Amino acid sequence: MTIRLPSGVDIDHFAVLGGGFMSAKMLCVASELGIFEKLADGPLTLDELQAATQLPRRALRVVISGMVALDVLTLDDGRYANNAPAQEWLSGRGAHDMRPGLRLYDKLMYSMWLQLEHVIRSGTPARPSTMGEEFARIFSEGVEAWTRGGAIALAESYDLSSRQRLLDIGGGTGSYLVPLLERHPALRATLFDLPPTIEIARRRLAAAAVRDRIELVDGDAFFDPLPAGHDAALIAGFVHLFDPDKVVLVLRRTREAMAPGARLFIVDQWMDPTHTQPTFAAMLAGTYLMLSGSGDTYSVDEGRAWLAQTGWRFVEHKPLAGVTSVVVAEAV
Ligand SMILES: C[S@@+](CC[C@H](N)C(=O)[O-])C[C@H]1O[C@@H](n2cnc3c(N)ncnc32)[C@H](O)[C@@H]1O
């Protein structure tokens, strides 16, 4: 019998919320164990999946039962199968592979979230469990996986054919730039990021068809001169890493590097005025806080005020993909 409060809330309400890490970890581990890949060709029984994965039978059953319970796998007549989203995004066979995104959560974010209380009490960033090359690789590949939906949506939503040169500030490995340049064959771009990221971008973009239209420039957006000669700027997945003073500084510096009429696209998980919706963006605020000690997900209203302060005219706010949206502005 389920015990409920008079309001109808189940007694497990806080167990499910507080134990959310169990479902998160089980999903990430199922992906790392290659379960979705093994099911890519069709349904398998537990014994067949055990033979394919060489995992202990009962432990494997725990994980795949959990995936059925979470509505990631289906179970019919003793055979386990990827459901449609798992087949498309986690099996390695779809057009878009989200396994590196789960790896980022599993290998980097999970251990950082263990430090949440300390981060909140101290205002200092969480320490990553791994550093250097490995951190950078898992981080870049994961960010690419999570940003691809928004990048394709941005490229499809905006006609940049009147623009000549786009400056991508904190552009990472070019996950936004590549679809934009593919869509706009006359557009050229500068990817500006910190030196270690530019090195990774150089390797990851080497084989891209649009590589000859991308200039890579390393520097710090808060201290080094921003490259001049652009009539559009993109700041994607960047402002959430910093406190409002730094956001204002980068918007001002970007404006100073552009002529009147230039367009600015700020892609992020923009929030409602109460900072409570979208729900997942409210959770991401915790991740951004941990990464830098002062990150956050900001509201569109905050963004509008910062733009007005820094020489930009707010044009519009549009959804892109999932909880990601874009604020568009024009240099005045
Ligand atoms: C979350 S990633 C976003 C990458 C890319 N724009 C995207 O959306 O896929 C944030 C990027 O900002 C870069 N970054 C952080 N601080 C920076 C700074 N002070 N100057 C330039 N880039 C910076 C990081 O190296 C990283 O590539």
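Colleague: How is the chain divided into domains?
Modeller: Into two parts: domain 1 covers 13-94, and domain 2 covers 148-331. This is a predicted model. The C-alpha centres of domain 1 and domain 2 are 35 Å apart.

Colleague: Moving to charges. How many salt bridges does the structure hold?
Modeller: The count is 16. One of them pairs Glu117 with Arg121, with 3.0 Å between the closest N and O atoms.

Colleague: Where do Glu117 and Arg121 lie?
Modeller: Both are in helix α8, residues 116-122. They sit four residues apart, which is about one turn of the helix.

Colleague: And is Glu117 buried or exposed?
Modeller: Glu117 counts as exposed, because its relative accessibility is 54% and the cut-off for exposed is over 50%. Arg121 is exposed too, at 69% relative accessible area.

Colleague: Which residue does Arg204 form a salt bridge with?
Modeller: With Glu141; the closest N and O atoms are 3.6 Å apart. That pair links distant parts of the chain, since Arg204 belongs to helix α11 (residues 195-204) and Glu141 to helix α9 (residues 132-157). The two residues are 63 residues apart. Arg204 is partly exposed, with 39% relative accessibility.

Colleague: What about Arg313, which side chain does it meet in a salt bridge?
Modeller: Arg313 meets Glu330, at 3.1 Å from N to O. Arg313 has a relative accessible area of 40%, so it is classed as partly exposed.

Colleague: Back to the shared partners. Which residues do salt bridges join into one network?
Modeller: Arg137, Glu141, Glu144 and Arg204.

Colleague: Different topic. Where does His96 lie?
Modeller: In the loop between α6 (84-89) and α7 (99-113).

Colleague: Buried or exposed, that His96?
Modeller: His96 is buried, because its relative accessible area is 12% and buried means under 20%.

Colleague: How far apart are Gly101 and Gly142?
Modeller: In sequence, 41 residues; in space, 3.9 Å from C-alpha to C-alpha.

Colleague: Now the ligand. Which residues come nearest?
Modeller: There are 19 residues around the ligand, and the nearest of these are Gly170, Ser175, Asp193, Ala221 and Ala236.

Colleague: Which polar backbone atoms sit by its nitrogen atoms?
Modeller: One of Gly170 is 2.8 Å from a ligand nitrogen, and one of Ala221 is 2.9 Å from a ligand nitrogen. On the side-chain end, Thr197 has a polar atom 3.0 Å from an oxygen atom of the ligand.

Colleague: And how much of the ligand does the protein bury?
Modeller: The protein buries 89% of the 600 Å² that the ligand exposes when taken alone.

Methods
Residues are numbered from 1 along each chain as its sequence is written. This is a predicted model: local features need pLDDT of at least 70, side-chain atom pairs count only at pLDDT 80 or more; totals for chains, interfaces and linings use all residues. Side-chain values use heavy atoms; hydrogens and water are left out. Domain bounds come from an automatic or database domain assignment. A salt bridge is a side-chain nitrogen of Lys or Arg within 4 Å of a carboxyl oxygen of Asp or Glu. Buried means under 20% relative accessible area, exposed over 50%, partly exposed in between (1.4 Å probe, protein chains only). A residue is near a molecule or strand if one of its heavy atoms lies within 4 Å of it. A polar contact is a pair of N or O atoms within 3.5 Å; within protein, one must be able to donate a hydrogen and the other to accept it, and residues adjacent in sequence count only if both atoms are side-chain atoms. Accessible areas come from the Shrake-Rupley method with a 1.4 Å probe; for residues, only the protein chains shown count as cover.
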